[in-house]
Amino acid sequence: MAAENHVESLQEEATCPICLEYFTQPVSLECGHNFCRACITQCWEGTATAASCPQCRETVLQRNLRPNRQLANVAEIVKRLSLQAAKGTGGDGVCGEHQEALKLFCEEDQTPICVVCDRSRAHRTHTVVPIQEAAQEYKEKIQAYLKALREEREKLLGFKVTEKGKCQEYLKQTQTEREKIVSEFQQLWQFLEEQEQLLLAQLEKLDEEIVRIQNENVSKLSEQISHLSELISEMEGKCQKPGSEFLKDIRSTLSRCEKGKFQQPEEISAELEEQVSGFSQKTIALLEALRKFKDTLPSALERKKGQPLGAHRQANVTLDPDTAQLRLVLSEDRKSVRYGYTRQDLPDNPQRFDVDFCVLGCEGFTSGRHCWEVEVEDGQCWAVGVARESVGRKGGISYSPEGGIWAVQRWVGQFQVLTSPVTPLPLRWVPSRIRVCLDCDRGQVTFIDAGDEALIFTFPPGSVPGERIRPWLWVGYRSWLCLCP
């Protein structure tokens, strides 16, 4: 069974994908795939100078057809071995014409023959060897090919193990950094919480002292007010009496009036006032330090970690006019797009957005890391990002990862990420040029302020599906976007 599987595998490798027969005059394309010369020529019949591979659809030049002689030899060998195996299985190891045992092998025709065939005119001038000798020779050739294939497989397995080891090492490093960050921020949070409780306790003591002085002063003032009210009422009644009665005990009356003067309440001590003033200054300094820390920390992190992991290749992106909504006007070089006030008279093909003011880039990416920059200037309504190839084109679409779009947007005085729901960003920080970084292998999209390299937002790894991804722009009223060279 194992031998039969090996033969079947060799048969598949020696079979043309177009005619499904063993290769005849096989040729190799630039992409590495092989076809019969006649099959690929017939497949490309009537096309222009550039055509595509029937297997991978990669564009190739028709003139670049390289004969693959080794594959032709292998195909012929497999063909002969298959015939031999079929005859051996059915007990048909004899010549069909002469009914003699197939003991010889014709090198020119590369077929087993009998002794009668060897004497015939068809094979009389050909080189003939014993069939066992020929089988051994071709087995050695096949074994040589198998050795090379196994070595190539081992090499690839080694690359796989090495790459996996590197990734695991990187993951360990990121985990270590994650633990450091969590630990440091926990300690920082604990320290800030302790400081907060200490400051609040000091404020509580000051509050108690201020309330004590207030209560004492209010009590004293209330008592004096009550006493003065009684004295005033008594003096007003005395002034209404006749002169003789009014002047009776006048000395005592004057003395009581003099003693009834208002007494100033207790003032807040200079020490307490100094404590309140000093605490206020301390609070101002502390809050200012916290504000500086809050503003400085994100900036430092963005500058160090704004760039996504790994190098990104600068992509030369152009806009696809067949996808542009009819109100969008593209420049001649297809590098910029603006909002138009009238609908253009263009065909409403299946690729075109018919409602939303969107346009896709011509380029699509399925692997590797790529980046490009978009100049947004002072536009008030725009969005920049990527979309999957299968994003909806007709009717209203969902501006979110669920709808196949990963982007940042400025809309009606807001700067936000098109998540679901949207993630707001500080409006005071709206870049004039945005770098879009796409990592197809990790399924990740990152947006960076191209002016100061600060990180705007990153969709986490695995967010973008493993399908063809294209640049995506949305242009609103009185807005204009340009792809930077």
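Biologist: In what order do the 3 strands of the open sheet run?
Modeller: In this predicted model, the order is E7-E6-E8, with antiparallel pairing. Strand E7 (111–113) and strand E8 (128–130) are the edge strands, each pairing on one side only. From one strand to the next, the twist averages 40°.

Biologist: Which helix packs on that sheet?
Modeller: Helix H5 (residues 131–239) does, and it touches E6, E7 and E8. The direction of helix H5 makes about 90° with that of E8.

Biologist: How many bridges join E6 to E8?
Modeller: Strand E6 (residues 104–106) is joined to E8 by 3 bridges, and the two run antiparallel. Among the residues involved, leucine 104 has proline 130 in E8 as its bridge partner.

Biologist: Changing topic, how many disulfides are there?
Modeller: The count is 0.

Biologist: Is cysteine 95 buried or exposed?
Modeller: Cysteine 95 counts as buried because its relative accessibility is 7%. Cysteine 16, at 0%, also counts as buried.

Biologist: Where is confidence lowest and highest?
Modeller: Helix H8 (residues 270–305) is lowest, with a mean of 64, and strand E12 (residues 358–360) is highest, at 96. The protein averages a pLDDT of 83.

Biologist: Where does pLDDT stay under 50?
Modeller: That applies over residues 302–309. Where pLDDT is low, predicted coordinates should not be read in detail.

Methods: Residues are numbered from 1 along each chain as its sequence is written. This is a predicted model: local features need pLDDT of at least 70, side-chain atom pairs count only at pLDDT 80 or more; totals for chains, interfaces and linings use all residues. Side-chain values use heavy atoms; hydrogens and water are left out. pLDDT is the predictor's confidence in each residue, from 0 to 100. Helices (H or I, at least four residues) and strands (E, at least two) are DSSP runs, numbered from the N terminus. Contact means heavy atoms within 4.5 Å. Two strands pair if DSSP finds at least two bridges between them. Axes are lines fitted to C-alpha atoms, for helices over the stretch in contact, and angles run from 0 to 180 degrees between N-to-C directions. A disulfide is a pair of cysteine sulfur atoms within 2.5 Å. Buried means under 20% relative accessible area, exposed over 50%, partly exposed in between (1.4 Å probe, protein chains only).
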